Amino acid sequence: MKKPPGEEPKEALTTTPPQKWAAGVPAVVHALEYSLEQTSPGRVGETLLTMNQVDGIDCPGCAWADPAPGKRHRNEYCENGAKHITDEATGRRITAEFFRTHPVSELGRRSDMWLNQQGRLTEPMVKRPGSDTYEPISWHDAFGLLAEELTALDSPDEAVFYTSGRASNEAAFVLQLFARAFGTNNLPDCSNLCHESSGFALHETLGTGKGTVSLQDLHHTDLIFLVGQNPGSNHPRMLSALEEAKRNGARIIAVNPLPETGLRRFKNPQKARGVIGPGTQIADRFLHIRLGGDMALFQGLNRLLLEAEDARPGQVLDHDFIRAHTTGFDEFAAHVRAVDWQDVTAATGLTREEIEQVRDEVLRSRRVIVCWAMGITQHKHAVPTIREFVNFLMLRGNLGRAGTGACPVRGHSNVQGDRTMGIWERMPDSFLDALQREFGFDPPRAHGLDSVNSIRAMREGRIKVFLGLAGNFVRAVPDSAVTEDAMRRCRLTAHISTKLNRSHTVCGDTALILPTLGRTERDIQAHGEQFVTVENSMSEVHTSRGRLRPASPLLLSEVAILCRLARRTLDGRVDVPWEQFEGDYGAIRDRISRIVQGLHDFNRRVVRPGGIQLPNPVNEGVFHTAADKALFTRNTGETPGVPEGHLLLQTLRSHDQWNTVPYTTDDRYRGIHGSRRVVLVNPGDLAELGLTEGQWVDLVGVWTDDTERRAEDFKVVPYPTARGCAAAYYPETQVLVPLDSVAEISNQPASKAVVVRLEPTAPRLGTAAR
């Protein structure tokens, strides 16, 4: 096992043509190379062979569903999942000595990759006011310090409690219970940043914020739309499901500004044909759409379907479904019929003929699924776009039947479970009423702060204490300079974390690092060894049980940290058995079973192979909307305007990255090696802008305020992006996303539509750490 890097990696960009297929033997090799660099062969085997197995470790990465028990491969994980789990299981350690030799000011200049590579946090640390160094603190004193700050607030609403999707259901439930018992609904989470737009759109139109699709639906459908997503890097196990769908006769249409390798051809390393054969072509049709043109595309499709019905009355639309289960059809139809084709082609960059060919695919398909991810949700008009997807599905009755439905693909392991457990700043009264009945206190009813509004409140001095449960808040959210300044205005910032990240270097007057067990580690409490539960993208709740010895004897579990903090802070003010919860997670699940619909008899049912399938009302013909029916909507939204000489930038992940953490400086599927500070631009746009391959540029954001947002020192790489569009990696480009550039209705950051100009420059020193 290699030692943690002492110096930043030297960046030396080389490029190769984008790969023509994904996974295969190289994916296995890269996963093993990274894993063995982090830890021993024995630990690698112990984690990977139990990963995503019944009674094993649930992948801490993406939220893709597992095949049914009995149908899982012995190696039921992907390349990035293997890297993610061994990144947590690393043998590298951060001790108090590390912090004595690395002051906060120095750590703040380090890159995200370097910080992550230092290893696991091993003991609680505190940075005191006026100090530039973290020093050890006992757990007792850490809880006392945090409890003292919380109880000294003028109002509970001067604190925020942030949650990442890595948290378990049990930890998420305890956190929201503590926050509400303390007196606030300030519960921002990573869903505010990734799929909040999906939740708002689906709640309004279908009465549920979750997808309606199962793995079986994907396996046995006729046509799948993959819109604004890159399964090959962001949720690679989805490719196995798409491969099975193709072998069962499905056709797949990819809609994306970038041609993604995983959507071209997939070589499944779990199958012999994926090792020695040519693999499986995934996308039958690729629509090279302009950024932000997806709503226009589906409105054009919907108009074409209405016109096909006019030509063949009763043979195109599902009138029985529309009559029985929907409302608002006539108003929707009148609106879509008035859509101008010039507007559609200008917004999409596609021809009418291309869209008509897609219509023909739809007409040949009895069962259709629409999948989407953050390439859709992070636009100003994201909510209307997703509502238009729902319109499209309803026209031909593609909801509630096998092989049909809406499939928002969540990007983090338990982000959906967090929301089920009550991590939301605006939980409905029905949930709060159930908390009141169960625990005997009246939870606050006023809506709290989401992630963007939490930053605004910190900037204005209205938030004094920030507590983060997992995640890397500072790098996940937009407008980096504004966010960091806002965080530094807090009296206290505290992070419950497994590894070091940028958020630990952006401190309030006082800062705490509270190190916790990882999902890979055994969790022994007063009542014996514990397991936790998670919920995947398809509403399946199942167990996860750690296998490894904890990285340090001083680590506490997330549940233990939160329960002890609640006891110290609330001091018996509410009748919640925090000590019992810490010692026996089954006691937490007993309470959840009486509060969350569908989780009755939680403890008994969740340990069955496959766990619990939560009910989805849409698939039972039930729509919890104001009209008790699914809602057709009339949607409008301006396509992002781009001044002459500018481009529309999307932020994205490299292949060798998980969320805000890059594992290497490579993105081999896109042919980028040795550097992350690159901007991908269509060769035609480079010619128009007078730029050349390999030229150094600054990315300068253009927004309505007078603030200049600049990401420095990027190299230009010609790439087949849609014309007028560019792409660059985040979190390096989060600095360009204005805090006030958000999706209408959902308030989700609009990271996929940033207007920039490329300003030629000479390279500066210290690029790697920026």
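**A helix across a sheet**

Guide: Look for helix α8 (residues 169-182), which lies across β21 and β22 and runs at about 90 degrees to β21. The model is predicted, so to speak of local features we need pLDDT of at least 70, and side-chain atom pairs count only at pLDDT 80 or more, while totals for chains, interfaces and linings use all residues. Residues are numbered from 1 along each chain as its sequence is written, and side-chain values use heavy atoms, leaving out hydrogens and water.

Contact means heavy atoms within 4.5 Å. Axes are lines fitted to C-alpha atoms, for helices over the stretch in contact, with angles from 0 to 180 degrees between N-to-C directions. Two strands pair if DSSP finds at least two bridges between them.

Now the sheet itself. Its 3 strands come in the order β21-β22-β23, paired antiparallel, and the sheet is open. β21 (532-535) and β23 (612-613) are the edges: each has a single partner strand, so one side of each has no neighbour in the sheet. Strands of a sheet pair through backbone hydrogen bonds, either parallel or antiparallel.

Zoom in on β22 (residues 540-544): 2 bridges link this strand to β23, running antiparallel. There, glutamate 540 sits opposite glutamine 613 of β23.

Definitions and conventions
Helices (H or I, at least four residues) and strands (E, at least two) are DSSP runs, numbered from the N terminus.
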